[in-house]
Amino acid sequence: MDPIFTVILVILALLAVVDLVVGVSNDAINFLNSSLGSKVASFNVILAVAACGILVGVLTSHGMMEVARTGVFHPEMFTFTDIMYLYAGVMLTDVVLLNGFNKLGLPTSTTVSMIFELLGSACAVTAFKVYADSGLTVANFDQFVNGGKALGMISAILVSVVLSFIMGSVVMYFSRLIFTFRYAKQLKRYGALWCGIAIVGIIYFALFKGLKSSGLLTDDFDAFVKNNIMTVLLVAWIAASALLWVLQLMKVSILKITILSGTFALALAFAGNDLVNFIGVPLAGFDSYRLALESGDMGMMMGGLADPKAANTWFLLAAGVIMAVTLFFSKDAWRVSQTELTLASQHDEDERFNSTPFSRMLVRASVSLNNSYKRILPNSWIDAINRRFIPLPPEERGESNYDKIRAVVNLASAAILICIGTSFKLPLSTTYVVFMVAMGSSLADRAWGRDSAVYRISGVMVVIMGWFITALIAFCVSFVLASMLMWGHWWALAVIVLACAYALTNRIVGGKKKSEDETKPLIKATDKPEDVLINCTQSAVSTMENVSRVYNHMLVALFTENRKELQETVAEARQMYDAANERKYGIMPVLRQLEQQKIETAHFYVQVVDYLCEVTKALLHCTKPAYDHINNNHRGLTGEQIKDLKVVNDKVDDIFTKIDTMLREKDFSHLDEVMVMRDELFDIIADTIKRQIRRLQDDPNASTRASALFLNLLGETKTMVLQARNFIKSQAYFLNAISGEKDE
């Protein structure tokens, strides 16, 4: 046995563990979104229920392992060598691809990625065999590769997107008409019957989607259910409704039971059907290695992979444990979850996506359609419908992204739609169905208002395009990697493994991660007046100190023409500006809280946030031109210009030191001194500008670009100090007013 195949087997084993982690991180939102979005239970309880579903589900996935062996290619046409390189290309592509989507916070389909990676690698190996064998041509590809699987997956995307969005919208619309947002009274009347439908759909989904390949369901039982489907569902609905009604009389939350049951069922189905996406290829590689080792012939054909073989139960259980542990500790899983929860949220959120012409066009068309709809229906009907959709005020809504009614709709609609698709042999994807049902229900629930619709539609389009891009990237990258392995063997394997290791250990998105202090608001909505004093002061001190430090660092780097350090100052300045801008546009919840606490100084807080944003913007407008100047290899500043900027920097440093001292000591009695220092600096800047103009007149060969940069720095420095003085003044008024409110 060639040692390279032993190395590949070890690599496949390691990649299986990594793939389990990155795969679960991406797919966790499929079964967690409704529970997390509605906050039906504590975070750990939700994860525990999902983990139990995973552990049960992995033990039912034996039959699904055949997908990695015979789902896309015909193994009897490939040798052991071909198969090992094929599988290595698949796994190396998969872990990097899924890790990339996780870092971007975008949910994608692990099934699509695996199918197209297998297809790409199989095509690469087949192309190599055709090239090496004169008796084969391109026409022989279909003897090696099953391209129909890829077409089926493309159709699955389209079918899943359309049907899921429509069903989520329709079911949510009528559910809200029945229950409204104040659903306690209606839930007592119709809750057991309504949740009974959801429970039946969830149970049917768990049995025939999650356990269909486990062997736990006998053929006779399966045939009986299919032949008497309507009777079985009716009896199950009656039984479930009766049980839920009894539980409701016992003061048990039937919504909570329904949501957690759906979470368990989706987690079970995910583990039972999608586990093959993570460990199916490594297990198939292990079986290939075993077959070749037993025969002693590395050139043997791998038709033996077509023989059904149950996966080792201990392997499955170990995989389940890794997946369950990943749920509790993966930050990427939470990042992916936040994308869907934000797009479906009933609250005003910081929108992650920018608007696009397409999203704006859709919103305009929807507004026009809505206006037409209002002209057709009687006003009394419209008023009656609108009353059913009046949302709860923020203080009653709580922190959940949406209520339990929508959570049940999401779970039941997804489960029922997948069951219907399975019965009609439609290749629906769990990822696509769950995501699009959630988007449809949020639209019908009027969570996409005029202020957020364009951004959320853009987000949905980004995710959908990511699904198609997944297929394209998976095919192309696995084709390239498998081709390299077939041609380069040892050296290609070493290069690819090192490149993949680098990709896994480095973030896809550049830039430093924002710290919690930089991204949190100056005031939280739950803060008391005394907390406001502490939080506002600490954050303001930190920001102003960083502004002074970055400004000084920028000038030193500019004087020495240090491009790398200038690049770092730009990154820091942009990070501070983005954080300040987020505070500015997330100001409304804080203002509401200030009003609730009867603090009559909210306008001072608005000024504080606005001036802080302007200070950081001026800093960014200093650092970016300085970096661009040096990065473009323009001539540096002259000695006179550097000398003038040093004088300006000293004065700026004195002003910011005075501001920092007042903030730390909460003593604003020296505000007038800052005013005097500011005026002195402005006089210095005015004299410096005059000297620069005189130099330009005396020296016709002076650098125009350096002079423009010099004048820009002076102008932005003046703006930065002006806004800093305004900031400290508003900060003083604000904190003094809060202190007075606390003393009352």
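A contact here means heavy atoms within 4.5 Å. Take the contacts in the protein between residues at least 6 apart in sequence: 86% of them join residues at least 24 apart. Keep in mind throughout that you are looking at a predicted model.

**The whole chain**

Start with a cartoon view. The secondary structure comes to 28 helices and 0 strands. Colour by burial and, of the 744 residues, 51% count as buried.

**The end of α1**

Select Ser-38, which lies in helix α1 (residues 3–38). Buried or exposed? Ser-38 has 4% relative accessibility, and the cut-off for buried is under 20%, so Ser-38 counts as buried. Now show the side chain: one of its polar atoms lies 2.7 Å from the backbone oxygen of Ser-34. Leaving out residues up to four places away in sequence, Ser-38 touches Ile-259, Ser-400, Tyr-402, Asp-403, Lys-404 and Ala-407.

Step on to Lys-39, found in the loop between α1 and α2. What is the phi of Lys-39? It is positive, about 50°, although Lys-39 is not a glycine. For background, most residues other than glycine have a negative phi. Lys-39 is partly exposed, with a relative accessible area of 42%.

**Another positive phi**

Jump to Thr-180, in the loop between α7 (148–179) and α8 (184–210). Thr-180 is another residue other than glycine with a positive phi, here near 60°. With a relative accessible area of 9%, Thr-180 is buried.

**A glycine in α2**

Go back to helix α2 (residues 43–58) and pick Gly-57. Gly-57 has 0% relative accessibility and counts as buried.

**The nonpolar cores**

Which residues touch the most other members of the largest nonpolar core? They are Phe-31, Tyr-87 and Met-323, in a core of 135 residues. Helix α11 (residues 254–295) gives the most to this core, with 19 residues.

Then move to a second, separate core, which has 55 residues. To find this second core, select Ile-630, Leu-645, Val-652 and Phe-668, which are among its members.

**Aromatic pairs**

Zoom in on Phe-78 and Phe-144. Their ring centres are 5.6 Å apart and their planes sit at 75°, so this pair is edge-to-face. Phe-78 lies in the loop between α3 (67–70) and α4 (80–104), while Phe-144 is in helix α6 (residues 141–144), so the pair ties together parts that are 66 residues apart in sequence. Phe-78 and Phe-144 are both buried.

Next, select Phe-128 and Trp-487. This pair is edge-to-face too, at 5.1 Å centre to centre with 85° between the planes. Why does the pair tie together parts that are 359 residues apart in sequence? Because Phe-128 lies in helix α5 (residues 110–132) and Trp-487 in helix α19 (residues 453–488). Now check the surface: Phe-128, at 23% relative accessibility, counts as partly exposed, whereas Trp-487, at 54%, counts as exposed.

For a group of rings, select Phe-5, Phe-80, Tyr-85 and Tyr-289: these form one aromatic cluster.

**Charges over rings**

Arg-446 lies over the face of Phe-389, at 4.4 Å from the ring centre. For a lysine version, show Lys-718, which lies over the face of Phe-682 at 5.2 Å from the ring centre.

**Last stop: cysteines**

How many disulfides does the count come to? It comes to 0. As a reminder, a disulfide is a covalent bond between the sulfur atoms of two cysteines. Finish by selecting Cys-500 and Cys-613. Cys-500 is buried, with a relative accessible area of 10%, and Cys-613, at 1% relative accessibility, also counts as buried.

Terms used. Residues are numbered from 1 along each chain as its sequence is written. This is a predicted model: local features need pLDDT of at least 70, side-chain atom pairs count only at pLDDT 80 or more; totals for chains, interfaces and linings use all residues. Side-chain values use heavy atoms; hydrogens and water are left out. Helices (H or I, at least four residues) and strands (E, at least two) are DSSP runs, numbered from the N terminus. Buried means under 20% relative accessible area, exposed over 50%, partly exposed in between (1.4 Å probe, protein chains only). A polar contact is a pair of N or O atoms within 3.5 Å; within protein, one must be able to donate a hydrogen and the other to accept it, and residues adjacent in sequence count only if both atoms are side-chain atoms. A disulfide is a pair of cysteine sulfur atoms within 2.5 Å. Rings of Phe, Tyr and Trp (its six-membered ring) pair if their centres lie within 6.5 Å; planes under 30 degrees apart count as stacked, over 60 as edge-to-face and the rest as tilted. A charge sits over a ring if NZ of Lys or CZ of Arg is within 6 Å of the ring centre and within 35 degrees of the ring normal. A nonpolar core is a set of buried Ala, Val, Leu, Ile, Met, Phe, Trp, Tyr and Cys residues joined through side-chain atoms within 4.5 Å.
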